[in-house]
Amino acid sequence: MPDDTQQQLLSWFQANGGQFDVESLGFTNFPDSEGGRGVMALKDIPEEHVLFSIPRSLLLSTQTSHLPSRFGPTAWKDMQLNQGWTGLILCMMWESANSGSKWKEYLAILPNHFDTPMFWDENDLKELDGTSVVEKLGREEAEQAYREKVLPAIQSRPDLFPPESAHFYTLANYHLMGSRILSRSFSVERWDSGEEEAGASSALTNTRSHEMDVDSPDGPEGEHGDNESEVEEEDDEDSSDTAMVPMADMLNARYGSENAKLFDDENDLRMVSTKPIKAGEQIWNTYGDLPNAELIRRYGHIDLLPLPNEGVGNPGDVAEIRADIAVSVILQKDASLSEDSLRERIDWWLEEGGDDVFVLEADLELPPLLISLIHLLILDRGEWESAKSKGKPPKPKIDAYILGIVHEVLETRLKAYPTTLQEDESTFSKQITRNQKHALVVRMGEKRILHGLLVAVRNLQAKHSEKANNKRKGGGGGDSNPHKRSRH
């Protein structure tokens, strides 16, 4: 049975045109390990069954809130509130301050507390040292956007943001709304809200039933986004296609468990079952099978499932390697190289669309782009000039010398963690706090992949060594470094 706030949400939803199959599904509280509050099938549900539908007018975005129009479209853009998520955060704060808000019942059911690392203390954050999480939090960027965009906007319009409602516009509330967007927003097709012109749909694509997932692009500001380079990259983008979608965000998600998806129709959004669902089973949406590092950063939880080999974790875990680690290793191996010369090559690589972060997955395959970059960095001067003139990076060919560099890159990456995998596995069975446990699981997931790749690289090195020995026995000779270069 739904509690009072859930029942109020359902009543509000239906009163505003939402359709909810009350005979087939209902709210319930699952164990924390299964997501907590969620939606359960009350009877067997067939595939392609519409679980609920949401009118576009119920979406909360910069398109549906009245704040942008009352603030003035020109002023809204002049204060850069159309960039990133800042405008949507301000809309959500404004709607929360408005007792007559259309979304009052919806906002009342949204979480007021998050277990994401953005809200951890310094001691708990240290548990994430070495992981890909810390550098993506962006607290400073988020607070800069609050100071430079939100506060000036509020101070410029006391008629919209009266002093007596100042407690709705605090930095803490800004972080709260940003975390709500980060964890619960969807990316939707842009459309004409239709409130002034009923039936307008020219902004929609002609494709109906467009599949939608939980909003995957990170917000461009701070915790509501990724690192500084992404802030700059997305700085001019209009995020009016990011929306809070009432009812859709009541579904939990877990790796490999998806049995429902949100689809975009011309006038509404529909949550549809993607496979038969048995009575008593949870209705699962999808986060895109994210690794635990992203789950903890965005949602404050992790997935602990049986792994193919042994133990528990998230089968979708990844480890990341930055290009500067490869640069550092190569500089140590070859004293004739300079950081400036490699920086020129890195800049060219990025201009050509190359990555500066490489993702290692559980399949333990070496990323071809990482191999290609290493080749680029060790080219002699003539080869480098040729590659640059052709606009083509080297092919990702693997040999013994390249494997040696990759091996050192992996070992260097592992040194970024303050603990070893063995120490983490020993700690896993001990009594520790929730945050410590989550950080531990994230570290272990990344380290398993790095260790697995180290083993794979050593196996490849052994094969190359055996091949070289056989070649020497046959009189072919060999060279441990086929990439000897001329610098001049």
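Predicted model: local features only at pLDDT ≥ 70, side-chain atom pairs only at ≥ 80, totals over all residues.

Me: Which residue in E10 stands opposite Ile-54?

Reply: That's Leu-269.

Me: And how does strand E9 pair with E10, parallel or antiparallel?

Reply: Antiparallel, with five bridges between E10 and strand E9 (residues 260-264). Phe-263 has Arg-270 in E10 as its bridge partner.

Me: Why call strand E10 largely enclosed by the rest of the structure?

Reply: Because five of its six residues (268-273) are buried, where buried means under 20% relative accessible area.

Me: OK, switching to backbone angles. What's the phi of Met-247?

Reply: Near 80°, so a positive value in a residue that isn't glycine. Met-247 sits in the loop between strand E7 (242-244) and strand E8 (252-253).

Me: Is Met-247 buried or exposed?

Reply: Buried, as the relative accessible area of Met-247 is 1%.

Me: What about Gln-80, what's its phi?

Reply: About 60°, which is positive although Gln-80 is not a glycine either.

Me: Where is Gln-80?

Reply: Gln-80 is in the loop between helix H3 (73-78) and helix H4 (86-97).

Me: And what's the relative accessible area of Gln-80?

Reply: It comes to 34% for Gln-80, so that residue counts as partly exposed.

Notes. Residues numbered from 1 in each chain as written. Heavy atoms only, no water. Helix = DSSP H or I, 4+ residues; strand = E, 2+ residues; numbered from the N terminus. Buried < 20%, exposed > 50% of the residue type's maximum accessible area, 1.4 Å probe, protein only. Pairing = 2+ DSSP bridges.
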